[in-house]
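Work through the exercises below with the model open beside you. Each task is followed by its solution.

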Amino acid sequence: MIQSIGVPGLIIILVIALILFGPSKLPQLGRAFGQTLREFKDSTKGVVDEVTEEFNIEEIKKEEKTN
């Protein structure tokens, strides 16, 4: 979805953001967006790690039962 926006679309989005929030608020908004994205990535990585660990534990138990 984001790949189809292109450079002209990004320019339009930036202009709209400048009109709505003003140039003084854009750095704050960018920082807040970056922090939110980072927290989301960290939490999803944690969930994926937990599921992978559980899967590995189940595989080890299955191997022990067959041996």
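Helices (H or I, at least four residues) are DSSP runs, numbered from the N terminus. The model is predicted, so local features need pLDDT of at least 70 and side-chain atom pairs count only at pLDDT 80 or more, while totals for chains, interfaces and linings use all residues. Residues are numbered from 1 along each chain as its sequence is written, and side-chain values use heavy atoms, with hydrogens and water left out.

**Exercise 1. Compare the span of helix H1 with the expected span.**

Step 1: The expected span of a helix is 1.5 Å times one less than its number of residues.
Step 2: Helix H1 covers residues 6-21, which is 16 residues.
Step 3: From first C-alpha to last, H1 reaches 22 Å, close to the expected 22 Å.
Step 4: Just after H1, Gly22 has a positive phi of about 85°.

**Exercise 2. Find the residues of the nonpolar surface patch and the helix that gives its largest share.**

Step 1: Patches are made of residues with over 30% relative accessible area and no salt bridge; like charges are joined within 9 Å, and nonpolar side chains (Val, Leu, Ile, Met, Phe, Trp, Tyr) within 5 Å. Accessible areas come from the Shrake-Rupley method with a 1.4 Å probe, and for residues only the protein chains shown count as cover.
Step 2: Ile12, Ile16, Leu20, Phe21 and Leu29 make the patch, with an area of about 490 Å².
Step 3: H1 supplies the largest share, four residues.

**Exercise 3. Classify Ile16 and Gly9 as buried, partly exposed or exposed.**

Step 1: Buried means under 20% relative accessible area, exposed over 50%, and partly exposed in between (1.4 Å probe, protein chains only).
Step 2: Ile16 lies in H1; its relative accessible area is 45%, so Ile16 is partly exposed.
Step 3: Gly9 is also found in H1, but its 18% relative accessibility makes Gly9 buried.

**Exercise 4. Locate the salt bridge and describe its place in the helix.**

Step 1: A salt bridge is a side-chain nitrogen of Lys or Arg within 4 Å of a carboxyl oxygen of Asp or Glu.
Step 2: The structure holds one: Asp49 meets Lys45 at 3.0 Å, N to O.
Step 3: Both lie in helix H2, four residues apart, about one turn of the helix.
Step 4: Asp49 is partly exposed because its relative accessibility is 39%.

**Exercise 5. Which residues form the negative surface patch?**

Step 1: Asp and Glu count as negative, Lys and Arg as positive; His and the chain ends are not counted. The place of a charge is NZ of Lys, CZ of Arg, CG of Asp or CD of Glu.
Step 2: The patch is formed by Glu50, Glu53, Glu54 and Glu58.
Step 3: Glu54 lies in H2, residues 26-66, and is partly exposed at 47%.

How values were computed. Helices (H or I, at least four residues) and strands (E, at least two) are DSSP runs, numbered from the N terminus.
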